[in-house]
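Please find below a colleague's note for a reader who is new to this structure. The points may be read alongside the sequence and the model.

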Amino acid sequence: MSGWKLVARAPREAVEAALAAHHALAEWDAGVVVGASEVAEQPDDWLLEAWLARRPTKADTALLKQLFPAPPPAVKAERLPETDWLAASQQRAEPVRAGPFRIRTPDFPSAAQPGVIEFEIPAAQAFGTGQHATTAGCLAMLATMRRRGVRPRNIADIGTGTGLLAFAALALWPLARASATDHDPLCAAAVIDNAARNRVRLGGGRGELACGIAEGLDGELHQTNAPYDLIIANILARPLIDLAPDFAAAIAPRGHLLLAGLLASQERAVRAAFLRAGLGPVARLAMGEWAIVWLRRRFAA
């Protein structure tokens, strides 16, 4: 597929702020994929890039500029060759290290390092490869949970995308059962493909992953598998607040909840919603502007 790319070059701090502004938006055109990369010869400069399947409009350019504090950098449009333009947006993503995990795309070889848990997640339409700070933060927090003695037997990954966080949880707790769901129907195929690529067994038994399509905790899979000892939800602040009662109802007594996708400025509102639902804080992790929060069910809602 041919496509277009909008590119803005700015100092790293400005691009990071623009990415944070983008991720904080409640609404964004799903056909415009935003990412960032370093400028090889000048690592203090970054590129904010937006990939589109259509010719960009003046409104598209204006929206990208609005992500930056004033004055915004210049934005130029580039026509891409015939290719999978969404996959091309992630093809050279550098491997990510978080806790014991290393996440890479097929463009990079396996590290085969002792003690390192490695997953290969290819660049694919609409899904990430672990590059975002919230994903890395979730991986690190899962490892912290394991070190601190958490032993879940039944795990759910809500808004799973590629399935990566569910894979990581099963690697840490290989005797657990896991469920991975997303509201996007494309995710189920992606999870199945990535499970095969990473030798994750599919099914409903111990050490296996069941995947499906669901809005939040709706759907037959969750009705069958709940309650959960651990729920992972790397989505957005507003949906997290709205889903707090559902999450609380689906967590077993003394169960755990890992939340991400929220800015540090949104953390107080999110934690308040879950405290009202009966889940109190255990630990938090800051990843730049983002907060990763570990909660535990302490009392009945």
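1. Basis of the note. This is a predicted model, in which local features need pLDDT of at least 70 and side-chain atom pairs count only at pLDDT 80 or more, whereas totals for chains, interfaces and linings use all residues. Residues are numbered from 1 along each chain as its sequence is written, and side-chain values use heavy atoms, with hydrogens and water left out.

2. Helix H4. Helices (H or I, at least four residues) and strands (E, at least two) are DSSP runs, numbered from the N terminus. Helix H4 comprises 15 residues, 133-147. From first to last C-alpha, H4 reaches 21 Å, close to the 21 Å expected at 1.5 Å a residue; the expected span is 1.5 Å times one less than the number of residues. H4 is mostly covered, with 11 of its 15 residues buried (under 20% relative accessible area; exposed is over 50%, partly exposed in between, with a 1.4 Å probe and protein chains only). Among the buried residues are Cys138, Leu139, Met141, Leu142 and Met145. After H4 comes glycine 149, with a positive phi near 95°.

3. Methionine 145. This residue belongs to helix H4 and is buried, its relative accessible area being 0%. Leaving aside residues up to four places away in sequence, methionine 145 touches Val150, Trp173, Leu230, Leu257, Leu258 and Trp294, where contact means heavy atoms within 4.5 Å. Its C-alpha atom is separated by 9.4 Å from that of histidine 256, 111 residues apart along the chain.

4. Helix H8. The 14 residues of H8 (residues 237-250) should span 20 Å at 1.5 Å a residue, and the end C-alpha atoms are 19 Å apart, which agrees. A kink of about 55° lies at leucine 243, shortly before proline 245; the bend at a residue is the angle between axes fitted to the seven residues ending there and the seven starting there. The buried residues of H8 include Leu240, Ile241, Leu243 and Phe247. Their cover includes strand E8 (154-158), strand E12 (251-263) and helix H9 (267-276).

5. The second largest pocket. How much space lies in the second largest pocket? The value is about 220 Å³. On a 1 Å grid over the protein atoms alone, a pocket is an open set of points where a 1.4 Å probe fits, with protein on both sides within 12 Å along at least five of seven lines; lining residues have an atom within 4 Å of a point. The lining has six nonpolar, two polar and four charged residues. Helix H5 (164-172) and strand E7 (117-120) each supply at least two lining residues, and H5 gives the most, with three. Glu118, Phe167, Arg197 and Arg199 are among the lining residues.

6. Positive phi outside glycine. Arginine 199 has a positive phi of about 55° although it is not a glycine. Arginine 199 lies in the loop between helix H6 (185-197) and strand E10 (209-213) and is exposed, with a relative accessible area of 81%. Arginine 254, in strand E12, has a positive phi near 65° and is partly exposed at 45% relative accessible area.

7. Cis peptide bonds. The bond from alanine 70 to proline 71 is cis, with omega near -5°; proline 71 lies in the loop between helix H2 (58-66) and strand E4 (75-80). The bond from alanine 226 to proline 227 is also cis, with omega near 5°, and proline 227 is in the loop between helix H7 (220-225) and E11.

Methods: Points joined across faces, edges and corners; volume = space filled by probe spheres on them. Nonpolar A, V, L, I, M, F, W, Y, C, P; charged D, E, K, R; others polar.
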